[in-house]
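Hi,

Here is the structure I promised to pass on. Have a look at it first, then read my notes below.

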Amino acid sequence: MNLKTGLFQSDKKLERVYYEEQQAIQLLSSQIIDNLPKLFIKPIVIVCIGTDRSTGDSLGPLVGFNIQRELSHFHVYGTLKDPVHAVNLEETLEFIKEKHRNPFIIAIDACLGRLKSVGYIQVAEGSIKPGAGVNKELPAVGNMHITGIVNVSGFMEFFVLQNTRLHLVMSMADIISKGLIEAEKQYLEKRLSIRRDWLADRDSAIN
């Protein structure tokens, strides 16, 4: 959980989508594609950060739960059953480093922000710094990140997280999940198209 929207490591302007916007899924998937590596050779790893013990902080695990069986290429860590949180984040990142060669990591987390920003989903390149609300220094996560602003920051954050509306969190998790599923579909189609063009060029060169 990022307690404030300013805790991003990227200087790039954030792309924002409101969760009730009619084209939210399409806009989100397009933003995700724009930030993915263009060489199509790195493994894509999604790290969904949070815990199911707090309504406001359950955004990440809900996304992980939604997408774990829907994705065929992207690798998912952090679900309702096996959440990634402050206690096991470093261990999980070490495991990912050992299992996947030079992965491109998408970090997903909930955050608190201004009242007028609640309900917005943000996408940007660069890492996020989880654990702003716990007394532990945690490593930055992600080559890009997707965050959902689930409630208002500034006062009694833990109480605010516990009293965040489940409907909002589940709705935002649904949009993020569908955006990721669509992004993977487009990403794989583009990779296949490039491979076909390469094979066609090679065959014509041989003949």
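The largest nonpolar core in this predicted model has 38 residues. Inside that core, L36, I46, I106, I108, I146, I176 and L180 have the most contacts. The largest share, nine residues, is supplied by α5.

Setting aside neighbours within four places in sequence, I46 is in contact with I67, L71, F74, H75, V76, Y77, I106, I108 and L180. There is also a second, separate core of 13 residues, and V84, I96, I105 and A107 are among them.

Next, take a look at helix α3, residues 89-99. Which of its residues are buried? They are L89, T92, L93 and I96. These four sit on the same side of α3 because they cover an arc of only 100° around the axis. Turn to the other side of α3 and you'll find E91 and E98, which are exposed. And what do the buried residues of α3 pack against? Their partners are β2 (44-48), β3 (75-77) and β4 (104-113).

Last, the cysteines. How many disulfides does the structure hold? The count is zero. C48 has a relative accessible area of 0%, so this residue is buried. C111 counts as buried too, also at 0% relative accessibility.

Cheers

How values were computed: Residues numbered from 1 in each chain as written. Predicted model: local features only at pLDDT ≥ 70, side-chain atom pairs only at ≥ 80, totals over all residues. Heavy atoms only, no water. Buried < 20%, exposed > 50% of the residue type's maximum accessible area, 1.4 Å probe, protein only. Helix = DSSP H or I, 4+ residues; strand = E, 2+ residues; numbered from the N terminus. Arc of directions from axis to C-beta. Contact = heavy atoms within 4.5 Å. Core = buried A, V, L, I, M, F, W, Y, C linked by side-chain atoms within 4.5 Å. Disulfide = S-S within 2.5 Å.
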